[in-house]
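Here's a quick briefing to read with the model open beside you. Grab the viewer and let's walk through it.

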Amino acid sequence: MRFQDNVLKEYLKNVYFICGTPCGGKTTVSRELGRRYGIAVYSADDEFSRHQKLSDARFQPSMNKKFKDADEFFGRTVQEYRKWLTDNTREQLEFVILDLIRLSKNQKVLCDCDLSVDEADALTKPERVAFLIREPADLMKEYCGRPDHKGFSDYINSATDANCAKAVCGETLKKPERRKMQWDKR
């Protein structure tokens with residue numbers, strides 16, 4: 001264990017992380033637990049635009065990558081898309097941690113975010129993180145059918161070949177290589 005990890009764990013001792021796969025129920029569970037127990041809910045996805053405005057292309061290049069249209073965005077290989085998505089999430093994590101330190105100073109916070117097991121281990125104790133895993137048969141149909149993903153649905157459907165774009169995106173999100181889903185016994 002590194003000293004920095006202990007410091008982060010102390011600052012984040014009031015934070016509980018809800019992580020996992022797309023359509024796994026992270027947002028639903030976080031919101032319900034927050035409502036039921038009066039706990040503040042923090043969504044990394046909801047904060048992305050604000051974080052992007054604060055970011056610097058020199059240090060957060062993936063967060064600042066511009067795509068001319070849906071064809072360019074979804075026209076990447078699964079490996080390219082996956083790498084960009086992973087890098088984007090890692091770059092935003094610094095902003096998320098700063099927000100969580102501030103928000104959790106005097107209250108408990110549920111954080112709906114995307115962490116690998118190793119990242120979660122560096123930030124918190126195992127009993128403060130839950131991974132919700134689900135592999136729907138048709139991830140894109142389910143993902144695009146959600147009211148809170150209407151903007152994404154409109155964007156992917158604007159691609160010249162929306163079915164191809166959905167296939168690439170679905171494969172990218174289905175089994176990300178970066179996820180290590182079992183918490184090692186420590």
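In which helix is V168 found? V168 belongs to helix α9, which covers residues 162-174. Keep in mind that this is a predicted model.

**Around V168**

- Is V168 buried or exposed? V168 counts as buried because its relative accessible area is 16%, and the cut-off for buried is under 20%.
- Setting aside neighbours within four places in sequence, V168 is in contact with F74, R76, V78 and Y81.
- The chain comes back on itself here: V168 and Q79 are 89 residues apart in sequence, yet their C-alpha atoms are separated by 9.7 Å.

**The sheet**

- Four strands make up an open sheet, with parallel pairing and the order β2-β3-β1-β4.
- Which strands stand at the edges? Those are β2 (40-43) and β4 (129-132). Each has a single partner strand, so one side of each has no neighbour in the sheet.
- Going from one strand to the next, the twist averages 20 degrees.
- Zooming in on one pairing, β2 runs parallel to β3 (residues 109-112), with four bridges between the two.
- In that pairing, Y42 sits opposite C111 of β3.
- Helix α3 (residues 44-54) packs on the sheet and touches both β2 and β3. The direction of α3 makes about 60 degrees with that of β2.

**Helices α8 and α9**

- Back to the helix that holds V168: α9 packs with helix α8 (residues 150-157) at an angle of about 125 degrees, and their axes are 8 Å apart.
- On the α8 side, the contact is made by F152, I156 and N157. These meet A162, A165, K166 and C169 in α9.
- By type, the residues of this contact split into five nonpolar, one polar and one charged.

**Salt bridges**

- How many salt bridges are there? The count comes to 11, and a few of them follow.
- E47 bridges to R50, with the closest N and O atoms 2.7 Å apart. Both lie in helix α3, three residues apart, or about one turn of the helix.
- E47 is partly exposed, with a relative accessible area of 21%. R50 is partly exposed too, at 34%.
- K83 pairs with D87, where the closest N and O atoms are 2.6 Å apart. The two are four residues apart in helix α5 (residues 78-103), which means about one helical turn separates them.
- K83 counts as exposed at 52% relative accessibility, while D87 is partly exposed at 25%.
- R90 and E119 meet through their side chains in a salt bridge, 2.3 Å from N to O. This pair links distant parts of the chain, with R90 in helix α5 and E119 in helix α6 (residues 117-123), 29 residues apart.
- R90 is partly exposed at 22% relative accessibility, whereas E119 is buried at 15%.
- One network, built from salt bridges that share partners, joins E47, R50, D99 and R102.

Notes
Residues are numbered from 1 along each chain as its sequence is written. This is a predicted model: local features need pLDDT of at least 70, side-chain atom pairs count only at pLDDT 80 or more; totals for chains, interfaces and linings use all residues. Side-chain values use heavy atoms; hydrogens and water are left out. Buried means under 20% relative accessible area, exposed over 50%, partly exposed in between (1.4 Å probe, protein chains only). Contact means heavy atoms within 4.5 Å. Two strands pair if DSSP finds at least two bridges between them. Axes are lines fitted to C-alpha atoms, for helices over the stretch in contact, and angles run from 0 to 180 degrees between N-to-C directions. Ala, Val, Leu, Ile, Met, Phe, Trp, Tyr, Cys and Pro count as nonpolar, Asp, Glu, Lys and Arg as charged, and the others, Gly among them, as polar. A salt bridge is a side-chain nitrogen of Lys or Arg within 4 Å of a carboxyl oxygen of Asp or Glu.
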